[in-house]
Amino acid sequence: MDNDHTHHNDRACGCDVTPERVDMARRRLMAGAAGAAAAGGVAVSGAAAMAATPQARATYADPAEPGLPQVDMEIAPGRTALVVTDPQIDFLSEDGVTWGVVGESVTEQGTVDNIERLFAAAKAADMPVFISPHYYYPHDHRWDFEGTLEKTMHGIGMFDRPGPLNLEGFDGSGADWMPQYKKYIEDGETVICSPHKVYSPAQNDLNLQLRKRGIDKVILAGMSANLCTQAHLYELLELGFEVAVVRDATAGAKVPEGDGYLAAIINFRMVANGVWWTDDAVERIARGA
């Protein structure tokens with residue numbers, strides 16, 4: 001795939017995803033998102049933010065009087081890891097194919113910078129870091145059925161690669177890491193897991209890699225809030241991990257069907273062992289080193 005994120009399968013591959021179809025689907029997605037943003041009077045900007053904006057903090061503020069028991073997670077050196085889902089261009093860059101629907105949330109949460117702050121803090125504290133990436137190969141486009149967002153992702157060529165053993169065109173593509181994260185991810189220490197295929201890590205080796213390192217506590221961040229990040233939270237909880245989610249180191253799509261970030265933050269409050277701001281997470285990581 002090239003930097004324009006076109007799908008490299010040809011018409012003979014059997015997947016029926018051609019560059020023309022990908023481009024048309026991408027244009028429809030971006031146009032629909034731009035219209036929704038304009039209708040709401042919100043400008044979607046590609047500018048990086050250092051932290052969640054005051055407006056975002058107010059919009060997604062925790063209830064002043066919680067109705068549920070308040071729990072928290074303590075960092076235990078040697079047993080705690082940072083797990084980041086999908087820190088990839090297609091989700092986090094204005095050049096990515098989903099920017100039209102996630103850009104507003106990414107910008108208002110300061111997601112790009114906040115994820116980098118977590119990487120830097122974990123590396124400084126010698127905390128293990130694990131990446132659970134999302135890739136699609138030509139055979140994934142031959143599935144007999146898809147959910148709504150699977151169909152969308154496949155249709156716009158999101159995270160596409162020419163094959164599991166082929167890195168042709170990977171550098172700078174939508175499947176690649178955000179450039180500012182490469183020094184952390186490609187340092188020879190970070191564990192890059194096999195790709196998850198739908199949303200959760202049920203089909204990749206994240207659980208195995210964590211268990212083999214004696215990890216039972218996870219600080220979770222990445223994209224996107226109500227999809228892969230939330231699915232990873234649920235799966236890890238079911239597997240017996242203790243999980244704290246970093247609320248402003250993720251973001252979600254805003255579409256006519258709803259605000260994905262709002263859906264996620266409600267569920268984070270209900271099921272996670274901790275819901276932290278990046279400032280708090282960075283301080284805890286340093287203190288727990």
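Visitor: Which residues of α4 are buried?

Guide: In this predicted model, 11 of the 11 residues of α4 are buried, so the helix is largely enclosed by the rest of the structure. Directly after α4 comes G110, with a positive phi near 70 degrees. The buried residues of α4 are W99, G100, V101, V102, G103, E104, S105, V106, T107, E108 and Q109.

Visitor: With which residue does the side chain of E104 meet in a salt bridge?

Guide: E104 has a relative accessibility of 14% and therefore counts as buried, the cut-off being under 20%. The N to O distance in its salt bridge is 2.9 Å. E104 lies in helix α4 (residues 99-109) and the partner in strand β6 (residues 254-255), so the pair ties together parts that are 150 residues apart in sequence. The partner of E104 is K254.

Visitor: How many salt bridges does a search of the whole structure find?

Guide: Side chains of opposite charge can pair when their charged atoms come close. Here the criterion is a side-chain nitrogen of Lys or Arg within 4 Å of a carboxyl oxygen of Asp or Glu. A search of the whole structure on that basis gives a total of 14.

Visitor: What is the N to O distance in the salt bridge between R284 and D72?

Guide: R284 belongs to helix α11 (residues 278-288), while D72 sits in the loop between α2 (54-59) and β1 (80-85), so that the pair links distant parts of the chain, 212 residues apart. R284 is buried because its relative accessible area is 13%, whereas D72, at 40%, is partly exposed. The N to O distance for the side chains of R284 and D72 is 2.7 Å.

Visitor: How far apart are the closest N and O atoms in the salt bridge of R284 with D280?

Guide: R284 and D280 are four residues apart in helix α11, which means that about one helical turn separates them. D280 is partly exposed, with a relative accessible area of 27%. The closest N and O atoms of this R284 and D280 salt bridge are separated by 3.0 Å.

Visitor: With which side chain does the side chain of H141 make a polar contact?

Guide: H141 is found in the loop between β2 (129-132) and α6 (148-155). Its relative accessibility is 8%, so H141 counts as buried. The contact has a length of 3.0 Å, and the side chain that H141 meets is that of D160.

Visitor: What distance separates the C-alpha atoms of T111 and D248?

Guide: T111 lies in helix α5 (residues 111-124). With 0% relative accessibility, T111 counts as buried. T111 and D248 are 137 residues apart along the chain, and their C-alpha atoms are separated by 5.9 Å.

Visitor: Is D126 buried or exposed?

Guide: D126 lies in the loop between α5 and β2, and it has a positive phi of about 60 degrees although it is not a glycine. D86 also has a positive phi, near 50 degrees, but D86 is buried because its relative accessible area is 0%. For D126 the relative accessibility is 71%, so this residue counts as exposed.

Methods:
Residues are numbered from 1 along each chain as its sequence is written. This is a predicted model: local features need pLDDT of at least 70, side-chain atom pairs count only at pLDDT 80 or more; totals for chains, interfaces and linings use all residues. Side-chain values use heavy atoms; hydrogens and water are left out. Helices (H or I, at least four residues) and strands (E, at least two) are DSSP runs, numbered from the N terminus. Buried means under 20% relative accessible area, exposed over 50%, partly exposed in between (1.4 Å probe, protein chains only). A polar contact is a pair of N or O atoms within 3.5 Å; within protein, one must be able to donate a hydrogen and the other to accept it, and residues adjacent in sequence count only if both atoms are side-chain atoms.
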